[in-house]
Amino acid sequence: VPSQLKKWWREGSFTDLETMRAQMVELLIGGGPSPKQLLDEGLEEGWPLRLSYAMSEACSTIAMTPPGNPHAPYEVLSHWEWTTDNGCLALKGPSLACGLLTESGFQPLTKRDGWWHTSDEIELEGSGFRWKSRRDRIIISGGEKISPERLEQWLYAHGATKAWVLKI
């Protein structure tokens, strides 16, 4: 995840980065949006970066960027069917969960015609997509829709070293 990369690169918490880099074919990063500045820094240092897109409900990885190009659109893996529904990702696939176990008990995954409609806004590009934000986290201020993730990216691009934008 991006926070671990920051520790390794900036705080020197991993003792032998050069040995690790020499043995690595790809460094797959997941767990949320990665700041562009961090990805650029890793690419400049020669790390073989690749982003992954996964969800607990999918029980697996859904898509990845091409090897060595974390800024490219996500390419959906062959065992997934995907489409967009009103700008959001919809999925069908063999590892799609039937539901999730929460504090209040088992919650079935709501599907329409076998498709699970996520809250993840995407933008189509080529044969893949770019992840934009989560609709269920959108902040509405003065009638304007604001994505916390995009605001965090802006803060990182303008020098922030830590940023969390929350909808309260």
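Leaving out neighbours within four places in sequence, Leu89 is in contact with Tyr53, Trp82, Thr83, Trp116, His117, Thr118, Asp120 and Ile122. Contact here means heavy atoms within 4.5 Å. Leu89 sits in strand E6, residues 88-92. Strands are DSSP runs of E of at least two residues, helices runs of H or I of at least four, both numbered from the N terminus. Leu89 counts as buried because its relative accessibility is 0%. The cut-offs are under 20% relative accessible area for buried and over 50% for exposed, with partly exposed in between (1.4 Å probe, protein chains only). The C-alpha atoms of Leu89 and Trp116 lie 8.5 Å apart, across 27 residues of sequence.

The model is predicted: local features need pLDDT of at least 70 and side-chain atom pairs pLDDT 80 or more, while totals for chains, interfaces and linings use all residues. Residues are numbered from 1 along each chain as its sequence is written, and side-chain values use heavy atoms, without hydrogens and water.

**Aromatic residues**

Rings of Phe, Tyr and Trp (its six-membered ring) pair if their centres lie within 6.5 Å; planes under 30 degrees apart are stacked, over 60 edge-to-face, the rest tilted. The count is four aromatic pairs. Tyr53 and Phe129 form one that is edge-to-face, 5.5 Å centre to centre with 85° between the planes. Tyr53 is in strand E2 and Phe129 in strand E11, so the pair ties together parts 76 residues apart in sequence. Both residues are buried. Tyr53, Tyr74, Trp82 and Phe129 form one aromatic cluster.

**Largest pocket**

The largest pocket holds about 960 Å³ of space. A pocket is an open set of points on a 1 Å grid over the protein atoms alone, where a 1.4 Å probe fits, with protein on both sides within 12 Å along at least five of seven lines; lining residues have an atom within 4 Å of a point. Volume is the space filled by probe spheres set on the points, which are joined across faces, edges and corners. Of 35 lining residues, Gly32, Pro33, Ser34, Tyr74 and Trp131 are closest to the centre.

**Helix H3**

In H3, Leu38, Leu39 and Gly42 are buried. Seen down the axis, the buried residues of H3 fall within an arc of 100°, so they line one face of the helix. The arc is taken from the directions from the helix axis to the C-beta atoms. Gly46 follows H3, with a positive phi near 90°.
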